[in-house]
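Hi,

Here is the structure I said I would pass on to you. Have a look at it first, and then read my notes below.

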Number of protein chains: 2
Amino acid sequence: MALIVQKFGGTSVGDAERIRAVAEHVARTRAAGDDVVVVVSAMGKFTDDLLRLADDVSPTRPPRELDMLLTAGERISMALVSMALGACGVESASFTGSQAGIITNTEHTRAKILEMRPDRIREALAAGLVPVVAGFQGVSTERDITTLGRGGTDVTAVALAAALKADVCEIYTDVTGVFSADPRVVTKARRLAKVSFDEMLEIAATGGRVLMLRSVELARRHSVPLHVRSSFTWEPGTWIVEEDPTMEEAVVSAVTDDTSEAKITVGGVPDRPGIAAKLFRRLADEGINVDMIVQNTSLNGMTDISFTVAKTDLAAATAACEEVKVEIGAAQVTSDDDIGRVSIVGAGMKSNPGVTALMFETLSENGINIEMISTSSIRISCVLRADRVEAAVRHLHTAFGLDAA
Amino acid sequence: MALIVQKFGGTSVGDAERIRAVAEHVARTRAAGDDVVVVVSAMGKFTDDLLRLADDVSPTRPPRELDMLLTAGERISMALVSMALGACGVESASFTGSQAGIITNTEHTRAKILEMRPDRIREALAAGLVPVVAGFQGVSTERDITTLGRGGTDVTAVALAAALKADVCEIYTDVTGVFSADPRVVTKARRLAKVSFDEMLEIAATGGRVLMLRSVELARRHSVPLHVRSSFTWEPGTWIVEEDPTMEEAVVSAVTDDTSEAKITVGGVPDRPGIAAKLFRRLADEGINVDMIVQNTSLNGMTDISFTVAKTDLAAATAACEEVKVEIGAAQVTSDDDIGRVSIVGAGMKSNPGVTALMFETLSENGINIEMISTSSIRISCVLRADRVEAAVRHLHTAFGLDAA
């Protein structure tokens, strides 16, 4: 008998029919002899409706009140799922984040979990109930309601799975798993049966939209196996597990793409210690997340530093760079929001030196110019013109033998 | 500087525009130098929408989950009102029933308040904030979320006003106060400037729809002055206060009507001790609220017992009477759902013996037959044919000099 945490996202509980389907699936899992803890998001677009209402009543959104407002969505979902379970003959009880013992810091709208005290969840399981827990929310050390930010319901599910020592955390969504590339771009993309935590981290970081980086990191830290699968077809999806040394590793598992970023180049910078530190400290102080960073070898004691940021942060990041320009003695700041990034990810890459060459050859043969390169031990990313990204993904997917038969 | 609890019902926070109007009114109250605690209901028909969703996911509604579901409505209202206050330059913080320290018993969907521990509300007031509290909800001694049943938001407001020793509890609604009769029936009905708690109890009990009996009782017990007024016109409404012995009392303050009840007569009952007790114990066990009870003087050792119940309880009540019929030796059980009740209420009635006579004469002169009579020291109620109720209200309103000039 296993303990399974099942997380259902917004589309999975989007209407009454979907909620009934979720309840029936939980009932089937119970009937198979397993214990289940359910974690739910708000229904479909309900959170967006609440945000619209907030805009209508006030030009500002005090974070404490925004959290109070938004957490109503999961409260509705969890009560409805619990009722639907009752209708399937499964005894259950719903719990808010606070009742489930999810203690966070006081950073409203993006709180971090400080401690898990899921005593009531354990009691409910011991009493034979299926606990239904509101995702995305917790209670702060100041006893205020907090939310965990984007992807917060996955974080709740993984954190609960870790605290309860669950055998698996199942992430139900509207796709059937993690794919070798975005199926909207590559029609021959294949569902991956199994990927390692490290690979999933790179996939999430470079454009895979199924899981957020944060929940994958949490799962890896606590060794919680994840199973990403569909709440529409209920078929087995993708397992995300610890690397298995006995297993032969695919050289490349996935090709990912991301066109949500823009590039900034700070040019003609003196190649002295402390310059990069000043620049990126300033960006960090503005709350701007920097992704890829590339600095070329210095020529005549001068260098260029290029980096990517989310397009939504471009204006603020450019302004910040202009302000430190004089201080760091840079010649100019240029920006470009017409770029995209293509990455290949694979745990087997480490021991296969030919991978980099094949990637560059493939792009070159197809007339695609590479503007920036960055690598990790299991990933290679290239920045390209935005309008060449889809072609690049398709050619790489074929070149690395990922196309479905 | 006074402390004012301001309660806003569902129509008062029905949409973003109404919520902004509420915030502006609270800001005006604060600008006048008073401290304010706001208590809110769910927006307009939001609770009905949630109940429809519950029906769609499950044929049953487990009470614990129903409470969890419904309390989402006030959570949304309170966060939005707090945001709107911020937009008006008023610092505020919202609190759930649990955070406001409203401790209830475990009777889900109709919980009773056991204790008020509004420490966080006091702290917020001391910090110069306007606390915005979710009405209708509390937390049980088992740490579960409960709701207080119909009229629960008024109960929250009055209980908070009592615990905080507020100077007044203002109940904002979509009418401008308590009227001398239902304005839809009597066009010349007048708004009452002031009524006593006792009068308001009788008005609420006999068909006045503005306040529920329960909150009036609570206000009387704790001597919390109530002020019922409109959130659309913001004009002064009706004060409900302790009887003022120096004040000359109106003989009759209001004429009320109620056609929501039906009559049951248990006929040919032996006039022996314990018979009525058996009958009404049985009805109480079925959870049926009995309102007017009339038993005639016995004739030949036999009597008839008539009483009224809500029309929605008629079938269950009739069945229960049929079951005890043999045991109590009754001859027959008859029911009639085509009745209505007209009442006159007035604190000055006590010292005016002519009131009863004038009521009966007025009805008789207009050809209206009286089927049952019951009285208290400040109320006389008559059961009539349902189709004569409106005419009776109008004639009595004129006869007792209540028509507006």
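Let's start with a sheet in chain B. It is an open sheet of 4 strands in the order β13-β18-β20-β19, and the pairing is antiparallel. Which strands stand at the edges? They are β13 (254-258) and β19 (372-376) of chain B; each has a single partner strand, so one side of each is left without a neighbour in the sheet. On average, neighbouring strands here are turned by 20° against each other, if you ignore direction. Before you zoom in, keep in mind that this is a predicted model.

Now look at one pair in that sheet. β13(B) runs antiparallel to β18 (residues 339-345) of chain B, and 5 bridges hold the pairing.

Helix α6 (residues 197-205) of chain B lies across β13, β18, β19 and β20 (379-385) of chain B, and runs at about 170° to β18(B). Helix α11 (residues 389-399) of chain B packs on the sheet as well, where it touches β13, β18 and β20 of chain B. The direction of α11(B) makes about 15° with that of β18(B).

Staying in chain B, there is another set of strands to find. Strand β9 (residues 168-173) and strand β11 (residues 226-230) of chain B run parallel and are joined by 5 bridges. Within that pairing, E170(B) has H227(B) in β11(B) as its bridge partner. β11(B) also pairs with strand β12 (residues 238-241) of chain B, this time in the antiparallel sense over 3 bridges. There, V228(B) stands opposite T238(B) in β12(B).

Next, switch to chain A and find helix α8 (residues 275-285). Which residues of this helix are buried? I275(A), L279(A) and L283(A) are. They cover an arc of only 60° around the axis, which puts them on the same side of α8(A). The other side of α8(A) has exposed residues: A277(A), K278(A), R281(A), A284(A) and D285(A). The cover over the buried residues of α8(A) includes β14 (261-270), β15 (290-295), β16 (302-310) and α9 (314-328) of chain A. Following α8(A) you will meet G287(A), whose phi is positive, near 75°.

Finally, how do the two chains meet? In this model, 32 residues of chain A are in contact with 32 residues of chain B. On the chain A side, the elements that give two or more residues are α1 (16-31), α2 (46-57), α3 (63-87) and β3 (92-95). Which of them gives the most? That is α3(A), with 15 residues. Sorted by class, this side of chain A has 19 nonpolar, 6 polar and 7 charged residues.

Chain A can be laid on chain B with an RMSD of 0.1 Å, using a turn of 180° and a shift of 0.0 Å along the axis. The two copies are thus related as by a two-fold rotation axis. In chain A, A72(A) has the C-alpha nearest that axis, at 2.5 Å from it.

Cheers

Conventions. Residues numbered from 1 in each chain as written. Chains lettered and ligands numbered in written order. Predicted model: local features only at pLDDT ≥ 70, side-chain atom pairs only at ≥ 80, totals over all residues. Contact = placed C-beta atoms within 7 Å. Nonpolar A, V, L, I, M, F, W, Y, C, P; charged D, E, K, R; others polar. Least-squares fit on C-alpha atoms with pLDDT ≥ 70 in both. Pairing = 2+ DSSP bridges. Axes fitted to C-alpha atoms, helices over the stretch in contact; angles between N-to-C directions. Buried ≥ 20, exposed ≤ 12 C-beta atoms within 10 Å, placed from the backbone. Arc of directions from axis to C-beta.
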